[in-house]
Amino acid sequence: MLSLTENGFSDILKRPSRVNTQSREELRKIEMMNFTDGIRFISYHTHLLKTPIIFENNKLTIGYNAENMRIFLSRDYRNAEML
């Protein structure tokens, strides 16, 4: 999933300005970790992830963006929706 992001962890993690003080400290800890430790830390601190994260094969969208979520709908459905 991270390989589909443009900016790695920063694309999937909440912004420090939008979390409480404890979560802000946890986000700072992740910045100092290597990749493997960061993945492990996030798996135990899932509250730091942006939501929703929708992932399928080579498609990824993060957050509530209706236009980006459309990529998960079949082409036929998208075309019918435009009518």
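Arg18 is exposed, with a relative accessible area of 66%. This residue sits in the loop between helix 1 and helix 2. The model shown here is predicted. Its chain holds five helices and two strands. The points below go from the whole chain to single residues.

**Overall layout**

- Read from the N terminus, the elements follow the order α-α-α-β-β-α-α.
- The chain is more spread out than a compact globule, because its radius of gyration is 16 Å, well over the 12 Å that the globule rule gives for 83 residues.
- Along the principal axes, the C-alpha atoms of the chain fill a box of roughly 50 × 25 × 20 Å.
- Buried residues make up 28% of the 83 in the chain.
- The accessible surface of the chain is about 6,400 Å². Carbon and sulfur atoms account for 51% of that surface.
- Take the contacts between residues at least 6 apart in sequence: 38% of them join residues at least 24 apart.
- Arg18 and Glu67 are 49 residues apart along the chain. Their C-alpha atoms are separated by 23 Å.

**The largest nonpolar core**

- In soluble globular proteins, nonpolar side chains tend to be buried together.
- Here the largest nonpolar core has eleven residues. They are Leu2, Phe9, Ile12, Leu13, Val19, Leu27, Ile30, Phe41, Ile42, Leu48 and Leu49.
- Helix 1 (9–12), helix 2 (21–31) and helix 3 (35–44) are the elements that give two or more residues to this core.
- Phe9 is one of the core residues. Leaving out residues up to four places away in sequence, Phe9 touches Leu2, Phe35, Gly38, Ile39 and Ile42.
- Ile30, another core member, is found in helix 2. Ile30 counts as buried because its relative accessibility is 5%, and the cut-off is under 20%.
- Beyond residues up to four places away in sequence, Ile30 touches Leu13, Phe41, Ile42 and Leu48.
- Ile30 and Ile42 lie twelve residues apart along the chain. The distance between their C-alpha atoms is 8.2 Å.

**Helix 2**

- The buried residues in helix 2 are Ser23, Glu26, Leu27 and Ile30.
- These buried residues fall within an arc of 100° when seen down the axis of helix 2, so they line one face of the helix.
- Thr21 and Glu31 are exposed on the other side of helix 2.
- Helix 3 is what the buried residues of helix 2 pack against.
- Asn20 makes a polar contact at the start of helix 2. A side-chain oxygen of Asn20 comes within 3.2 Å of the backbone nitrogen of Gln22.

**Helix 3**

- Gly38, Phe41 and Ile42 are buried in helix 3.
- Down the axis of helix 3, its buried residues fall within an arc of 95°, so they line one face of the helix.
- Helix 1 and helix 2 are among the elements that cover the buried residues of helix 3.
- Asn34 makes a polar contact at the start of helix 3. Its side-chain oxygen reaches to within 3.1 Å of the backbone nitrogen of Thr36.

**The strands and their loops**

- Pro52 lies in the loop between helix 3 and strand 1 (53–56).
- The peptide bond that joins Thr51 and Pro52 is cis, with omega about -10°.
- Asn57 is in the loop between strand 1 and strand 2. Its phi is near 50°, a positive value in a residue other than glycine.
- Asn57 counts as exposed because its relative accessibility is 66%, and exposed means over 50%.
- Thr61 has its place in strand 2 (residues 59–62). Thr61 is buried, with a relative accessible area of 2%.
- Setting aside residues up to four places away in sequence, Thr61 touches Pro52, Ile53, Ile54, Asn68, Met69 and Phe72.

Definitions and conventions. Residues are numbered from 1 along each chain as its sequence is written. This is a predicted model: local features need pLDDT of at least 70, side-chain atom pairs count only at pLDDT 80 or more; totals for chains, interfaces and linings use all residues. Side-chain values use heavy atoms; hydrogens and water are left out. A nonpolar core is a set of buried Ala, Val, Leu, Ile, Met, Phe, Trp, Tyr and Cys residues joined through side-chain atoms within 4.5 Å. Buried means under 20% relative accessible area, exposed over 50%, partly exposed in between (1.4 Å probe, protein chains only). Helices (H or I, at least four residues) and strands (E, at least two) are DSSP runs, numbered from the N terminus. Contact means heavy atoms within 4.5 Å. The arc is that of the directions from the helix axis to the C-beta atoms. A polar contact is a pair of N or O atoms within 3.5 Å; within protein, one must be able to donate a hydrogen and the other to accept it, and residues adjacent in sequence count only if both atoms are side-chain atoms. The radius of gyration is taken over C-alpha atoms; the globule rule is 2.2 Å times the number of residues to the power 0.38. Accessible areas come from the Shrake-Rupley method with a 1.4 Å probe; for residues, only the protein chains shown count as cover.
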